[in-house]
Amino acid sequence: MKRNLLLILFVLLLLGGCRTQKETVSSPRRMAVQHRQTRVDSLMASYPDWVSFYGKGNATIALPAQNISLSSPVLVTLVKDRELQVSLRPFLGLEMARLRVTTDSVFAVVKASQCYLAESLADVGAAVHTPVTFEMIQSMLLGRVFALGGDVEPERMLQISDRQDEQWKLSPRRKDRVYDYGFELDGFRLSAFFAGLHTGGKSITVGYGRYTDIGGREVPLLIEAAFEGQGRRIEALLDYNASSVRWDRNQPAAFPGYAGYKRVHLGSLLNVLLK
């Protein structure tokens, strides 16, 4: 079980995903009173443009029922609409595993156990019965609202389902017969994302906190995810160090080779995660 925890952590970061020495946490951006239909437009317009994101921190995965936990320093590099790489460095800064996600594929290499994973995003989506796109992954990592299930703009796919002053919720205009999802916001800050299957009792909840203004762009330094299904609960946390975050500077390193490594298939990992 522990042998596959690094790959499982990568799957959680893919489907999901802060303490710092000195953090300057910005105040929530408050919304002017406006018509319901224009509020989502204003939310999307509030997101500053970016080219790349780089940050160091810590990632943790825990299986509470089995009393299993794994924590590791991580290095995250994200290039807009192109590529994500996550490097795990649990011992003295030495890389032990690497995840790479492109617009259509997922690759993960665990050097310690000499195994690798290679799947298409389409196959990942089919396995979890929920669309998985690169746009979804990068939006989740940056704490931004997205439309699940296609390339349609969120302002066309989502509608306000509840509102109490600055706290409000977004849900899809059209319900899917397989899954449901939604967002909770405080002002223009995403506080939670949730998704679940209508049958089988499987769900994911992602919470965001400690928003900090870095270079004129807010970053949620804390991302917590919980996966539940058929009596099993898996928790994951991504905890950024604010002083390490950089915008529009870094590019991903070359992906390590895995010739001679044993391939681990997504289905076997999902059997651990979801069954």
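Is E218 buried or exposed? In this predicted model, in which local features need pLDDT of at least 70 and side-chain atom pairs count only at pLDDT 80 or more, totals for chains, interfaces and linings use all residues. Residues are numbered from 1 along each chain as its sequence is written, and side-chain values use heavy atoms, with hydrogens and water left out.

E218 has a relative accessible area of 16% and is therefore buried, a class that covers values under 20%, with exposed meaning over 50% and partly exposed the range in between, for a 1.4 Å probe and protein chains only. The residue belongs to strand 12, where strands are DSSP runs of E with at least two residues and helices are runs of H or I with at least four, each numbered from the N terminus. The side chain of E218 makes a polar contact of 2.7 Å with the side chain of R189 (a pair of N or O atoms within 3.5 Å, of which, within protein, one must be able to donate a hydrogen and the other to accept it, residues adjacent in sequence counting only if both atoms are side-chain atoms).

Y211, located in strand 11 (residues 203–214), also counts as buried because its relative accessibility is 7%. A polar atom of the Y211 side chain lies 2.4 Å from the backbone oxygen of L190, and the C-alpha atoms of these two residues, 21 residues apart along the chain, are separated by 9.6 Å.

Strand 12 (residues 217–229) runs antiparallel to strand 13 and is joined to it by 8 bridges, pairing of two strands requiring at least two DSSP bridges between them. Within this pairing, E224 has L237 of strand 13 as its bridge partner. The hairpin of the two strands has 2 residues between them, and Q230 takes a positive phi near 50° there. Strand 13 (residues 232–240) also pairs in the antiparallel sense with strand 1 (residues 52–63), over 6 bridges, and Y240 is the bridge partner of G57.

The second largest pocket holds about 230 Å³ of space; a pocket is an open set of points on a 1 Å grid over the protein atoms alone, with protein on both sides within 12 Å along at least five of seven lines, and its lining residues have an atom within 4 Å of a point. Of the 15 residues that line this pocket, M44, Y47, E135, S139 and R144 lie nearest its centre. Helix 4 (residues 134–142) supplies the largest share of the lining, 4 residues.

Definitions and conventions
1 Å grid on protein atoms, 1.4 Å probe; cavity = no way out; pocket = protein on both sides within 12 Å on 5 of 7 lines; lining within 4 Å. Points joined across faces, edges and corners; volume = space filled by probe spheres on them.
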